[in-house]
Amino acid sequence: MRKAIRSSLLFFLVIGGIGEAAAQSPSNQPRASGMETDTAKIKQAMLGNWESIAPEVRPSKNPDGSLKPFYLKRAFKYLPSDRFELEIVNSADPYGAVPLARIRIGGHMLWQGSHPIAPGAQKLDFVADESYEVTPLAQGFADVLNKVASAGYAPWTLNAPQSIFGESFAPFALKEGTNFMEYDLVYLKGDLLFWGARNIDGRGFDTEQNRPTNLQIPLIRK
């Protein structure tokens, strides 16, 4: 297990993005009916809180280019004016029993038109232009951050969040003065909210050309 955790920690530091908050949805919350194609109605129906059904696995790359599974759970809140809040908990194992880090991101969603994967699917750009925070949940991860991301930060300690918003953060390839952004998609069907599945070769959603072309397992309404 120690070897698996150590391997996961090293891998976590070479990924370039999120992979990826919840409260009770109002009882009168509108819901999408079937395959909704009206963007305004999709936005209205998405308002509220969503969470992963189970830990998700995504293909990503080791430093040598080989593929490695990447595990996480998401909690997502869609707010008026196209604002969002996202919490991701990364783990070293497929069951989420060994959490490594918590990432919290806030920002805006830019709607870019329909996506051909399914009727009603929409292209979306997620821009973290409000907040970006990292919390080590494993001592090994905090130790690694103190070696590779110490400049400009307080010492990284277990369960202590630090903002990396607008700052350089080498483990996630963030540069000072820039906002993290992903080219993604959403597809809403009833109480299931699908985002894009990671490209099977481990590419991130860092360009329009790398926007996903399939669906990840869905979030459910909370």
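Trainee: Why is Ser81 called exposed?
Mentor: In this predicted model, Ser81 has a relative accessible area of 63%, and because exposed means over 50%, the label applies to Ser81. Ser81 lies in the loop between strand S3 (67-79) and strand S4 (83-91).

Trainee: What makes the phi of Ser81 worth a remark?
Mentor: The phi of Ser81 is positive, about 65°, although Ser81 is not a glycine. Most residues other than glycine have a negative phi.

Trainee: Which other residue has a positive phi although it is not a glycine, and how do you know whether it is buried or exposed?
Mentor: That is Ala173, with a phi of about 60°, placed in the loop between strand S7 (162-163) and strand S8 (181-189). Its relative accessibility is 58%, and since the cut-off for exposed is over 50%, Ala173 counts as exposed.

Trainee: What share of the chain counts as buried?
Mentor: Of its 222 residues, 47% count as buried, a label that requires under 20% relative accessible area.

Trainee: What makes the space lined by Ala128, Tyr132 and Ile164, among others, a cavity?
Mentor: The term cavity applies because a 1.4 Å probe fits there but cannot get out; this one, the largest cavity, has a volume of about 50 Å³. Its lining has 6 nonpolar, 3 polar and 1 charged residues, and Glu167 is among the lining residues; Glu counts as charged.

Terms used
Residues are numbered from 1 along each chain as its sequence is written. This is a predicted model: local features need pLDDT of at least 70, side-chain atom pairs count only at pLDDT 80 or more; totals for chains, interfaces and linings use all residues. Side-chain values use heavy atoms; hydrogens and water are left out. On a 1 Å grid over the protein atoms alone, a cavity is a set of points where a 1.4 Å probe fits but cannot get out, and a pocket is an open set with protein on both sides within 12 Å along at least five of seven lines; lining residues have an atom within 4 Å of a point. Grid points are joined across faces, edges and corners, and a volume is the space filled by probe spheres set on the points. Buried means under 20% relative accessible area, exposed over 50%, partly exposed in between (1.4 Å probe, protein chains only). Helices (H or I, at least four residues) and strands (E, at least two) are DSSP runs, numbered from the N terminus.
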